[in-house]
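Please look at the sequence and the 3D structure below. The report that follows goes through selected residues and contacts.

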Amino acid sequence: MTEFILRGEALTRTFPDGDVRALRGVSIQVQAGESLAIMGASGSGKTTLLHLLGGLDRPTSGEVFFEGKPLAGLNIDAFRARQLGFVFQSFHLIGTLSAVENVQIPMFESDLSRKARENRALSLLDDVGLAHRVNQRTTRLSVGERQRVAIARALANQPKLILADEPTGNLDSQNQAEVLTLLARLRQQHGLTLIMVTHSPEVAASADRVIIMKDGLIVNT
Amino acid sequence: MRFSTYILRNMLGRRARTTLTVLGLAVGIAAVMVLTGIAWGFERSFQAIYPAKGVDLIVVRAGIGNQLSSNLNVNIGETIRGVSGVLDLAPSLMDTVSFEDANLVAVLASGWVPESILFRGLRILDGRTLKTGDGRVTLLGRVLALNLGKKMGDMLSVAGETFEVVGIFETESLFENGGLIMPIQELQKMMGRGGQVTGFVVAAVNSGDAESLRALGKRIEAKVPGVAALPTREYIAADLQIRLSKSMAWATMAVALVLGSVGMLNTMVMAVFERTGEIGLLRALGWRRSRILALILGEAIGLGLLGVVVGSAFAWIGIRLLLLSPNARGFVDPQLPPSIYGIGLVMGAVLSLLGGLYPAIRAASLEPTEALRHD
Ligand SMILES: Nc1ncnc2c1ncn2[C@@H]1O[C@H](COP(=O)(O)OP(=O)(O)O)[C@@H](O)[C@H]1O
Ligand SMILES: [Mg+2]
């Protein structure tokens with residue numbers, strides 16, 4: 001039997017305020033190295049599922065397994081810091097910091113020295129094509145550049161998994177194409193597993209596999 | 001990037017609020033430093049009066065808090081002199097006078113017996129000291145002479161009587177330097193207190209040893225009913241004015257701590273509230289709770305330290321402004337002792353913790369999803 005890098009089993013998530021059943025029993029398996037797109041209408045539970053898979057939130061019932069081990073038994077902060085990179089639709093960069101400083105933020109949870117943190121952040125920014133923008137405050141970057149900083153930050157601690165919630169949702173088609181190319185190249189380079197929530201057919205087309213959600217359930221695989 | 005660089009960026013990111021918070025803290029810290037400095041200077045100044053004269057014990061009426069309100073008959077001096085262990089003794093009458101033209105109130109006027117031990121430690125800067133047989137003459141303390149604009153040979157009107165200034169003196173005590181000295185019988189006459197003194201200063205045979213001084217005090221109290229005979233150090237610590245100035249300093253510190261920590265709390269609660277999304281992001285990226293705690297508490301400590309630095313500057317300036325007032329000049333030492341800056345530092349640390357801990361704990365307990373949804 002194949003060992004899945006990430007596996008969700010009978011996941012439900014009910015939000016007490018408003019009594020919303022965002023997930024109503026979702027099982028999902030993700031193979032190491034694959035790229036997966038999750039599609040579905042707004043409010044269908046995509047973000048909720050991604051948060052459960054990334055250990056940002058706990059399921060009401062069911063369990064998520066990382067490399068066969070239940071997340072409930074892991075140090076969840078360390079899991080997020082070392083195994084995962086997050087990319088968000090609205091980038092979530094820190095506006096008071098420069099690009100290179102933003103990329104270093106996750107590295108405070110690593111054992112790297114200050115110098116090593118800086119060098120690694122510089123080389124990651126170089127890798128996403130932003131070597132000339134490293135000292136800019138992120139508020140002064142274009143949206144395409146911001147998402148590339150966020151992608152560099154997601155790679156800060158050499159994770160195995162990238163979780164991206166509508167990574168191109170705020171980008172025009174030109175920038176979307178560039179970010180998709182970048183993600184594909186980085187996945188190749190670093191052997192990453194990629195899970196993307198998206199509305200975009202182009203993004204979905206770039207994935208190995210597409211999952212469609214409706215009303216808190218997966219309706220195809 | 002250092003962790004501290006991130007904290008600094010957060011402070012610089014909201015310059016106006018950082019500035020206002022630091023100013024608020026600085027004013028509170030400076031007020032405490034100045035008032036504590038005055039209270040300590042006051043006490044040190046009193047403490048300095050007696051050792052220089054070789055005075056070991058003070059005898060005043062029992063049950064009073066302040067030497068100025070003591071009242072004893074000058075004749076009991078001979079009884080006290082007869083107590084074994086007493087080396088020497090001198091009566092002293094203290095009162096306060098005003099010089100309204102110079103805007104000076106509560107100037108210490110001391111009536112002493114010429115050539116008594118009270119004159120020890122007095123440096124004559126100009127003119128001469130008092131002699132037996134002197135009449136309406138007075139010695140002015142250096143600071144009082146300055147404030148009145150009087151010099152040796154000038155005439156001075158004290159409570160309606162005219163005195164000749166025969167000398168200018170200086171002692172270790174800022175308090176005495178702001179006052180004047182005259183023959184005891186002149187002050188008695190002027191104040192209508194013939195035969196009365198406020199107290200006696202006593203030099204002991206065995207002056208070094210605190211135990212035997214206390215024993216000597218007990219023997220004097222046993223021999224002369226109605227008096228309190230205290231070693232000078234204890235006497236001064238019990239003085240009402242010193243206790244008052246100290247409790248004022250303490251009260252100011254309490255108020256400054258409350259106001260300062262509320263201000264700090266307000267600033268840091270706002271900072272955490274504004275940055276809910278950012279803190280959620282940090283948690284999402286795997287920052288452990290203790291690191292978030294350190295980030296927020298670090299910012300509070302940064303503000304507190306800036307408050308101490310600016311507050312010390314304010315205190316330095318404030319004490320010099322205070323010295324422009326003639327009333328303060330007599331007993332305020334412009335040199336704040338280093339321990340006062342230590343008090344400022346401790347206050348800054350306490351304020352940082354009082355105001356920063358709750359917001360930091362709040363921030364550390366944020367869940368990443370609830371925080372990220374804020375935008
Ligand atoms: N923290 C929350 N509290 C209450 N309801 C929530 C919360 N998060 C999501 N929901 C609700 O759960 C459902 C699924 O949300 P979400 O997973 O964000 O959908 P999607 O990402 O597919 O648009 C929606 O109805 C949404 O309003
Ligand atoms: Mg969503």
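Is R136(B) buried, partly exposed or exposed? R136(B) is partly exposed, with a relative accessible area of 41%. On this scale buried means under 20% relative accessible area, exposed means over 50%, and partly exposed lies in between (1.4 Å probe, protein chains only).

## Basis of the report

This is a predicted model, in which local features need pLDDT of at least 70 and side-chain atom pairs count only at pLDDT 80 or more, while totals for chains, interfaces and linings use all residues. Residues are numbered from 1 along each chain as its sequence is written, chains are lettered from A and ligands numbered from 1 in the order in which they are written, and side-chain values use heavy atoms, with hydrogens and water left out.

## Salt bridges within the chains

Over all chains the structure holds 33 salt bridges. A salt bridge here is a side-chain nitrogen of Lys or Arg within 4 Å of a carboxyl oxygen of Asp or Glu. One of them joins the side chains of E161(B) and R136(B), at 2.8 Å from N to O. This pair links distant parts of the chain, 25 residues apart: E161(B) is in strand 8 (residues 161-170) of chain B, and R136(B) is in the loop between strand 5 (123-127) and strand 6 (137-141) of chain B. E161(B) is partly exposed, with a relative accessible area of 25%. Helices (H or I, at least four residues) and strands (E, at least two) are DSSP runs, numbered from the N terminus.

E299(B) forms a salt bridge with R275(B), and their closest N and O atoms are 3.1 Å apart. Distant parts of the chain are linked by this pair as well, with E299(B) in helix 11 (residues 289-322) of chain B and R275(B), 24 residues apart from it, in the loop between helix 9 (240-274) and helix 10 (276-284) of chain B. Both E299(B) and R275(B) are buried. Salt bridges with shared partners join R14(B), R275(B), E278(B) and E299(B) into one network. In chain A, E118(A) forms a salt bridge with K115(A), with 3.6 Å between the closest N and O atoms. E118(A) and K115(A) are separated by about one helical turn, because they are 3 residues apart in helix 4 of chain A. K115(A) counts as exposed, at 52% relative accessibility.

R148(A) is in helix 5 (residues 143-154) of chain A. R148(A) is buried yet has no salt bridge, and the nearest side chain of opposite charge, E178(A), is 4.3 Å away. For charge, Lys and Arg count as positive and Asp and Glu as negative; His and the chain ends are not counted. Not counting residues up to four places away in sequence, R148(A) touches V128(A), G129(A), L130(A), E178(A) and L182(A). Contact means heavy atoms within 4.5 Å.

R7(A) lies in strand 1 (residues 4-15) of chain A. With a relative accessible area of 19%, R7(A) is buried. Its side chain and that of E9(A) are joined by a polar contact of 3.0 Å. A polar contact is a pair of N or O atoms within 3.5 Å; within protein, one must be able to donate a hydrogen and the other to accept it, and residues adjacent in sequence count only if both atoms are side-chain atoms. Leaving aside neighbours within four places in sequence, R7(A) is in contact with residues including I28(A), E63(A) and F65(A).

The area buried between chain A and chain B is about 2300 Å², and carbon and sulfur atoms give 57% of it. H92(A), F108(A) and E109(A) supply 27% of the area that chain A buries against chain B, more than any other three residues. Buried area is the accessible area (1.4 Å probe) that two parts lose on being put together, summed over both. The contact takes 23 residues from chain A and 23 residues from chain B.

Across this interface the rule finds 4 salt bridges. The side chains of R288(B) and E109(A) meet in a salt bridge at 2.7 Å, N to O.

## Positive phi values

D215(A) has a positive phi of about 50° although it is not a glycine. D215(A) is in the loop between strand 9 (209-214) and strand 10 (217-218) of chain A. A106(B), also not a glycine, has a positive phi of about 55°. A106(B) is in strand 4 (residues 104-112) of chain B.
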